[in-house]
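Biologist: I would like to learn how to read a model like this one, feature by feature. Could you take me through it slowly?

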Amino acid sequence: MNSRLVATKIICRVVNNGQSLTSAIEIELSSIPNIKDRALIQAICYGTIRYYHCLNFILNRLLRKPLKDKEIRVLILVGLFQLKYMRIKSHAVVSQTVSAVNKKTWVKGLVNAVLRNYLRQEQNLKNLVEVNEIAKFSHPKWMIDWLKSDWPEHFEKILTENNRQAPMALRVNQLETTTDQYLKKLQEKDINAFVSSVRKDTIVLNSGVPVEQLPNFKKGYVSVQDTAAQLAAGLLGVQAGHRVLDVCAAPGGKVTHLLEVQPQIEKLVAVDIDENRLSSINENLLRLNVKADCIAGDACRPSQWWDNQLFDRILVDAPCSAMGVIRRHPDIKLLRRQEDIKKLQQLQKKILDAIWPLLKPGGNLLYVTCSVFKMENSTQVSDFLSRTPDATEIPIHANWGMTQVHGKQILTGENGMDGFYYACLRKN
Ligand SMILES: C[S@@+](CC[C@H](N)C(=O)[O-])C[C@H]1O[C@@H](n2cnc3c(N)ncnc32)[C@H](O)[C@@H]1O
């Protein structure tokens with residue numbers, strides 16, 4: 001097994017076949033038992049995809065004529081990533097990458113020559129990268145342009161944060177333990193962590209660990225969830241006896257949190273269109289020992305699954321561009337197309353309009369996205385408010401996020417958080 005070759009196969013699945021990085025890794029790593037090998041392959045895959053636009057720019061300057069073989073192209077990118085960003089000796093990177101070539105000898109020669117050429121021209125290439133926005137920020141042009149237009153003062157920070165590794169945050173289940181007790185348990189296992197400055201029930205690890213290493217994870221003491229996502233349950237203000245609906249619920253991060261903070265919810269209905277993802281809600285409910293009614297259904301067509309009883313609280317964690325979680329899923333930069341955003345905005349609009357009638361008068365609906373595009377966030381809510389006479393906004397007063405015309409925006413990296421948007425709406 002050559003780690004560089006496996007990494008190349010994984011990246012080819014994403015770049016050439018449009019598969020998600022998570023599923024490509026799952027498939028290719030299933031036959032590799034060694035933990036160290038797996039960790040190295042994952043680091044190479046995430047890194048190469050994170051810096052794909054930059055590495056591609058560099059490669060184009062190193063090749064004398066276009067390279068048609070897609071797999072060899074990716075293999076060279078894998079080599080360049082290691083040379084530019086990993087602390088591995090350059091001669092080891094070159095020899096390991098060349099030995100991953102299972103094709104004709106001249107191809108080995110080409111890979112060797114390009115990587116050595118990079119080492120000779122490193123400084124010159126660095127200078128060229130600095131003056132090219134796509135290479136410097138390693139994002140597609142349209143994303144840079146959109147972020148510039150939405151956030152003229154913050155776009156560089158967002159792009160830089162998108163390329164950083166996200167921290168691992170834990171939600172401490174207060175039904176099982178306290179934050180302090182759990183922090184002590186982590187310390188006993190030499191896992192360094194601290195309590196988030198934004199939420200007192202959130203613990204952030206100094207560096208990520210596999211969940212199996214977290215004390216009592218299987219017993220439901222903690223869940224892995226970004227701090228920004230953990231703000232939803234508090235904002236929805238669920239009380240004992242409430243009927244609650246989560247219409248885009250899988251994999252159940254927010255559903256389970258709602259049940260942890262208010263175990264006396266009368267009924268929680270969790271709907272998701274994706275049946276496979278729905279089973280992950282059931283797994284989470286089981287691990288945390290809480291209950292919800294899970295339904296496979298389309299949020300745009302409630303008549304197909306709704307029992308005609310109104311809800312006190314509704315959570316719409318809408319399908320979105322996921323621009324706020326690029327640092328966790330860097331393949332979004334390769335897979336997401338500009339034209340997808342308009343379609344997602346239409347879907348969000350359709351969901352909001354279809355679900356609003358299910359809310360009791362006096363009830364609240366929390367609209368959430370993990371996006372930083374205004375079109376999916378404050379503009380979406382502004383349009384909804386202007387066409388929905390019985391809806392008013394409840395302003396969010398909090399020590400996080402930026403207050404928008406409507407709702408609050410967390411830009412990626414604020415207090416180490418993912419990019420999230422929240423707006424709270426009340427039915428008059
Ligand atoms: C942002 S994710 C939800 C994350 C979830 N709330 C959590 O905290 O774990 C959006 C979800 O919306 C679902 N979805 C997309 N279109 C939908 C639709 N028309 N009806 C219901 N669910 C939909 C997707 O399958 C996806 O699971």
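Biologist: Which elements do the buried residues of helix α4 pack against?

Modeller: First, a caution: this is a predicted model, in which local features need pLDDT of at least 70 and side-chain atom pairs count only at pLDDT 80 or more, while totals for chains, interfaces and linings use all residues. Residues are numbered from 1 along each chain as its sequence is written. A residue is called buried if 20 or more other C-beta atoms, placed from the backbone, lie within 10 Å of its own, exposed if 12 or fewer do, and partly exposed in between. In helix α4, residues 52–62, the buried residues are Tyr52, His53, Cys54, Leu55 and Ile58. They pack against α3 (35–50), α5 (70–85), α7 (105–130), α8 (133–137) and α15, where a contact means C-beta atoms, placed from the backbone, within 7 Å.

Biologist: How many helices and strands are there in the protein?

Modeller: Helices are DSSP runs of H or I with at least four residues, strands are runs of E with at least two, and both are numbered from the N terminus. By that rule the protein has 17 helices and 13 strands.

Biologist: What radius of gyration does the protein have, and what would a compact globule have?

Modeller: The radius is taken over C-alpha atoms, and the globule rule is 2.2 Å times the number of residues to the power 0.38. For 428 residues the rule gives a value near 22 Å, and the protein has 23 Å, which agrees with a compact globule. Along the principal axes, the C-alpha atoms fill a box of roughly 70 × 50 × 40 Å. Of the 428 residues, 43% count as buried, and 71% of the contacts with a separation of 6 or more join residues 24 or more positions apart.

Biologist: Which domains does the domain assignment give?

Modeller: Such bounds come from an automatic or database domain assignment. Here it gives domain 1 (3–138), domain 2 (168–224) and domain 3 (231–427). The C-alpha centres of domain 2 and domain 3 lie 25 Å apart, and their contact takes 11 residues from domain 2 and 13 residues from domain 3. On the side of domain 2 that touches domain 3, there are three nonpolar, five polar and three charged residues. In this scheme Ala, Val, Leu, Ile, Met, Phe, Trp, Tyr, Cys and Pro count as nonpolar, Asp, Glu, Lys and Arg as charged, and the others, Gly among them, as polar.

Biologist: Which residues come nearest to the ligand?

Modeller: A residue is near a molecule if its C-beta atom, placed from the backbone, lies within 6 Å of it. There are 18 residues around the ligand, and Cys248, Gly253, Lys254, Ala299 and Asp317 come nearest. Two elements, α13 (253–261) and β6 (267–272), each give two or more residues to this shell. By class, the shell divides into 10 nonpolar, two polar and six charged residues.

Biologist: What is omega near in the peptide bond from Ala250 to Pro251?

Modeller: Most residues other than glycine have a negative phi, and most peptide bonds are trans. The bond from Ala250 to Pro251 is cis, with omega near 5 degrees, and Pro251 sits in the loop between β5 (243–246) and α13.

Biologist: And where does Asn289 lie?

Modeller: Asn289 lies in the loop between α14 and β7 (293–296), and its phi is near 55 degrees, a positive value in a residue other than glycine. Asn289 is partly exposed, with 13 other C-beta atoms within 10 Å. Ala322, which is not a glycine, likewise has a positive phi, of about 60 degrees, and its place is in the loop between β8 (311–317) and α15 (332–335).

Key. Two residues are in contact if their C-beta atoms, placed from the backbone, lie within 7 Å.
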